[in-house]
Amino acid sequence: MTTSPTGPSPLPLRTVRVENLSRVEGEGGLYARVENGVVREVKLDIFEPPRFFEAFLRGRHFQEVPDITARICGICPVAYQMSSVHAIEAAMGVTITPEIRALRRLLYCAEWIESHALHIYLLQAPDFLGYDSAIAMAADHPKEVEQGLRLKKVGNNLLEILGGRATHPVSVCVGGFYKAPRRAELLKLRSDFEWGIEASIATVKLVSGLKFPNFNPDYEFVSLSHPDEYPMNERRIVSSAGVDIEPAEFERVFLEEHVEHSTALHSKRADNGKSYFVGPLARINLNFEKLMPRAKQAAKTCGITWPSKNPFQGIVARAVELVHAYEEALALVDAYQQPVPSRVEIKVHAGEGSAATEAPRGVLYHRYRINDQGLVEFAKIVPPTAQNYRRMEDDLRLYLPGILDRSEPEIARACENLIRNYDPCISCSTHFLKLKLDRE
Amino acid sequence: MSKPASPHQSERGAAKAGACLRVVGLGNPYAGDDSVGLEIVNRLRARGDCECELLALPQAGVELVEALENVEAVLFIDAVSSGSPAGTLHLIPLPSAEVEPRVLVSLSSHGWGLAETLDLMESLGRPIPRLALLGVEIGTVAPGAPRSPAVEAAMGTVVERFPAVYAFLAAAEKTGWAGPLRFPPGDASLAGL
């Protein structure tokens, strides 16, 4: 079902300001100025302090990088570990074994599960159901919140087995894993995965029945693409506008730039300066046929038309990926062979390499230059949230004119809801929402 | 609170049915004295004879819900700042006016803390265990700084005298303990427990 934003505001000048975005990771706000119904200015004010991780990495040994970059985010540390190890392995010319590759995919499934379950049930569902928080929602929908907590917990438990602990895992290294789990440890979670598949299919049904505003901008979706599987750890970067490149070409096609109102960089297409969209909605739109069978079936029968250009339906995309992650985790555990050894040997030499993987929130690009002592000389990290900021601002320019007849609190809430579609991780990107709206 | 039949240890909040007391260490391992809760749990684990479940949560968000599941009582150990001399120990039943909500909220790096966790559990109709805080008054929380000597000494006291803390908490329901206890730096006896 959809609802349409109503007509432009009769008021000549309005300022919208959301001082602090809630239910996002990190701190930021929103300012907008509207004159005669025309949005003149939109700024996502990202005031989370800059974190300087790229500078911290300089001079550190390459094997320290996955542990340091994991600290960028407590929600998606695996993504930072995966992009960093793949980029450094590219620099060193390292080829990992199929067993290590499969284990890395399982690790990524764990992170998608815990991150997606958190966002669907505790961060975004309250928007659609009319609650200020998951706490308020829990009183009326305890069954759903309990389900979300359990879905997340299984992901945490898997992450703990694979990574040594549920937050900031410590098992990942360049070349593989310091320690690989025994098959029997993973099989203990098998029944949880079977439950998780059914519960996440129920989640798809639940969220696809929500009311979505009728808002369908003309996005350029960007994601990884793999010929044989749903994208997580490797292969080409593609877009709905025809981009099809190796990760090494990322910085030629996508540019980061500083904007005055943000401690995070903003990304854009290098050739036309336009914004683009990364995340679950982009991944599904560009890789629908690669979904696991039950995830694909859930997506096909949920009533959403794919590809979808409605960012509010990102919650459905996230739920479909939850099914996929549980389904793939079960398949990977069933096929699991403990890698022996758990990591390949690395011959240190100077080199430069880049990689992109799919964080829960979208494409995460890393590039490193390593010297002949194995020390990092240069590091570049482009998080998914930073890539989406310009797109979020563009969305707000398009969305605001249709809701200006509402009260200030209602406008602020609608803007926050729009931003939360992107599941922004401001902490990751600084290197959310206060809203101010000026109307003339 | 009865003694557990088979004490066990766990890295994080994988709650085990039947646990009686769970000790949850909180803090930032890289911020000087803020690491005190985590380090006490590590040392209690090394001590090996604590009749309770031990959890270290360096990043406590929604996972705090799991830390409060299936247990009779939970003792949080964390850094506190009240203006007392560094190394002062505070043993406080929760909730308490002695502990400001903003302090509880600061348990989470992403804005989800103990206060939100308790609210959520209440909304869900889940049982809330008896709660207490063992706070260690901090000196410095500078990034990368070593723990201050007074906090190190307080940690030693807690680990050495933990059986007395455990016995006090085990009896607290019967004794009707309701008010905060403070132990100044150097009071290695924890007199009164």
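**Questions on a two-chain model**

Trainee: Among contacts in chain B between residues at least 6 apart in sequence, what percentage join residues at least 24 apart?
Mentor: This is a predicted model, in which local features need pLDDT of at least 70, side-chain atom pairs count only at pLDDT 80 or more, and totals for chains, interfaces and linings use all residues. Residues are numbered from 1 along each chain as its sequence is written, while chains are lettered from A and ligands numbered from 1 in the order in which they are written. Two residues are in contact if their C-beta atoms, placed from the backbone, lie within 7 Å. Among the contacts of chain B between residues at least 6 apart in sequence, the share joining residues at least 24 apart is 78%.

Trainee: How many helices and strands are there in chain B?
Mentor: Helices (H or I, at least four residues) and strands (E, at least two) are DSSP runs, numbered from the N terminus. Read from that end, the elements of chain B follow the order β-α-β-α-β-β-α-α-β-α-α-β. The totals for chain B are six helices and six strands.

Trainee: What percentage of the residues of chain B count as buried?
Mentor: A residue is buried if 20 or more other C-beta atoms lie within 10 Å of its own, exposed if 12 or fewer, and partly exposed in between, with C-beta atoms placed from the backbone. Chain B has 193 residues, and the buried share is 44%.

Trainee: Which element of chain B has the lowest mean pLDDT?
Mentor: pLDDT is the predictor's confidence in each residue, from 0 to 100. Chain B averages 81, with 82% of its residues at 70 or above, and pLDDT stays under 50 over its residues 1-18 and residues 103-109. Where pLDDT is low, the predicted coordinates should not be read in detail. Among the elements of chain B, helix H1 (residues 36-47) has the highest mean, 95, and the lowest, 46, belongs to helix H3 (residues 101-105).

Trainee: What is the average pLDDT of chain A?
Mentor: In chain A, pLDDT is below 50 over residues 1-10 and stays under 50 over residues 429-434. At least 70 is reached by 90% of the residues of chain A, and the chain average is 89.

Trainee: Which element supplies the largest share of the side of chain A that touches chain B?
Mentor: In the model, 20 residues of chain A are in contact with 18 residues of chain B. Helix H4 (98-129), helix H5 (134-140) and helix H6 (142-163) of chain A each supply at least two residues of this side of chain A. By class, that side has ten nonpolar residues (Ala, Val, Leu, Ile, Met, Phe, Trp, Tyr, Cys and Pro), six charged (Asp, Glu, Lys and Arg) and four polar (the others, Gly among them). The largest share, nine residues, comes from H6(A).

Trainee: At roughly what angle do the axes of H4(A) and helix H12 (residues 314-334) of chain A cross?
Mentor: Axes are lines fitted to C-alpha atoms, for helices over the stretch in contact, and angles run from 0 to 180 degrees between N-to-C directions. The residues that meet include A:Trp112 in H4(A) and A:Tyr326 in H12(A). Those of the whole contact divide into 14 nonpolar, three polar and four charged. The two axes come within 8 Å and cross at roughly 145 degrees.

Trainee: Why do strand E13 (351-359) and strand E15 (376-382) of chain A each have one side without a neighbour in the sheet?
Mentor: Two strands pair if DSSP finds at least two bridges between them. The order in this open, antiparallel sheet of chain A is E13-E14-E15. E13(A) and E15(A) stand at its edges, so one side of each lacks a neighbour because each has a single partner strand.

Trainee: In E15(A), which residue is the bridge partner of A:Tyr368?
Mentor: Strand E14 (residues 362-370) of chain A is joined to E15(A) by six bridges. These two strands form a hairpin with five residues between them, and A:Gly374 in the turn has a positive phi of about 85 degrees. A:Ile370 stands opposite A:Val376, and the bridge partner of A:Tyr368 is A:Ala379.
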